Amino acid sequence: METARVLVAADKFKGSLTAVQVAERVTAGLRRVVPGLEVETLPVADGGDGTVAAAVAAGFERREARVTGPLGDPVTAAYALRGTTAVVEMAEASGLQHLPDGVFAPLTATTYGSGELLAAALDAGARSIVFGVGGSATTDGGAGMLAALGARFLDADGKPVGPGGGGLAELAEADLSGLDPRLKDVDMVLASDVDNPLTGPKGAPEVYGRQKGASEEDIAVLDAALAHYASVLGPETAALPGAGAAGGIGYGALVALGARFRPGIEVMLDVLGFAPALARATLVITGEGSLDEQTLHGKAPAGVAAAAREAGIEVVAVCGRLALSPEALSGAGIARAYALAELEPDPAVSMAQAGPLLERAAESIARDFLS
């Protein structure tokens, strides 16, 4: 009989466990039932928060830079570097995690720090950049990022417009001639798990504005301001998939930085070396905090399962809560899902005890699939 070799390629359980911790807990549970089991761990991410951590776990070097946070205060942001390839995560500089509890700035939050983080990667010698976008506190269409890289956004009086998406309503002229010349020689991939356009009913303000504290009035203001911004920079690009990612930073990267859009999990599986790890495996365990409809639209577990199914390798999933039918799971290439909610129905307790519960779930996987 073939020796069992398990590949654990799961995303974080948001709010309770990092992707690295998920892998550790699953491994511990499996080995409690099958001592000495061969387990390879490859924490994954789909471009959103946790992307740099996944790259570091795969052998990239963690680098830090002091940059401008979404509210204008300095923050420390990390990126990952291996050779001339950098993984830059916009949430590290401009993410919701940098907002104090209950404090939002939907009209003025800026992506300036994301531009500074890209510049830090260029300074470190990066010539290929995976730009993971998601989890943003911002809706400025990437204008702040571009300003940090040398662009100028001026009002009718020739003065710089204010920070954030709200300021773009006053935009009269966009001067991109001062953009960092090194950007011309960089291969930049925009990695995101969303493919929304910049504006409109499926655009960044309407779909994601509320989670960043925007009122209905703010959403209308931001949508109009971003539409005006796009009319100055290039309206065609605003309709492209990914333009609306992370408050429209996707648009800024596509229209001015020469980035090309790819689903975040596909990019990250390439960067992390998933294919060779998959070739060594007889069973794959993937997962994330919530397996739901969104999972099927480009989230990490769906990407992992699709690649494994193509290779003919069985996949099971772990999750905090499960909101997909067995048919939907099977359609995604997942044989079975093990939810912590089945072990502990109280969500607060389940999140607080996610580690031990995940070990118990992994023990069940070992009994059902490995022994």
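Helices, as named in this tour, are DSSP runs of H or I with at least four residues, numbered from the N terminus. The structure on display is a predicted model.

**Selection 1: E363**

Begin with E363, which lies in helix α16. Is E363 buried or exposed? Its relative accessibility is 16%, and because buried means under 20%, E363 counts as buried. Apart from neighbours within four places in sequence, E363 is in contact with G29, R32 and V33. Show the side chains of E363 and R32 next: a polar contact of 2.7 Å joins them.

**Selection 2: the five-stranded sheet**

Now display the strands in the order β2-β1-β11-β12-β13; these five form an open sheet with parallel pairing. Its edge strands are β2 (38–41) and β13 (336–339), each of which pairs on one side only. From one strand to the next, the twist averages 25°. Strands of a sheet pair through backbone hydrogen bonds, in either a parallel or an antiparallel manner.

Select residues 5–8, which make up strand β1: four bridges join β1 to β2, and the two run parallel. Within this pairing, L7 stands opposite E40 in β2.

Move to D11, in the loop between β1 and α1. How does D11 count in terms of accessibility? With a relative accessibility of 3%, D11 counts as buried. Leaving out neighbours within four places in sequence, the residues in contact with D11 are A19, V22, V44, A45, D46, G287, E288 and A300.

**Selection 4: strand β6 and its partners**

Select residues 128–132, strand β6, which is mostly covered, with four of its five residues buried. Strand β5 (residues 85–89) is joined to β6 by five bridges, and the two run parallel. Here V88 has F131 in β6 as its bridge partner. Five bridges also join β6 to strand β9 (residues 187–192), again in parallel. In that pairing, I129 stands opposite M188 in β9.

How many aromatic pairs does a search of the whole structure find? The search finds two. Select Y229 and Y251: their ring centres are 5.6 Å apart and their planes lie at 65°, so this pair is edge-to-face. The pair links distant parts of the chain, with Y229 in helix α7 (residues 216–233) and Y251 in helix α9 (residues 245–256), 22 residues apart. Y229 counts as buried at 0% relative accessibility, and Y251 is buried with a relative accessible area of 0%.

Note on methods: Residues are numbered from 1 along each chain as its sequence is written. This is a predicted model: local features need pLDDT of at least 70, side-chain atom pairs count only at pLDDT 80 or more; totals for chains, interfaces and linings use all residues. Side-chain values use heavy atoms; hydrogens and water are left out. Two strands pair if DSSP finds at least two bridges between them. Axes are lines fitted to C-alpha atoms, for helices over the stretch in contact, and angles run from 0 to 180 degrees between N-to-C directions. Rings of Phe, Tyr and Trp (its six-membered ring) pair if their centres lie within 6.5 Å; planes under 30 degrees apart count as stacked, over 60 as edge-to-face and the rest as tilted. Buried means under 20% relative accessible area, exposed over 50%, partly exposed in between (1.4 Å probe, protein chains only). Contact means heavy atoms within 4.5 Å. A polar contact is a pair of N or O atoms within 3.5 Å; within protein, one must be able to donate a hydrogen and the other to accept it, and residues adjacent in sequence count only if both atoms are side-chain atoms.
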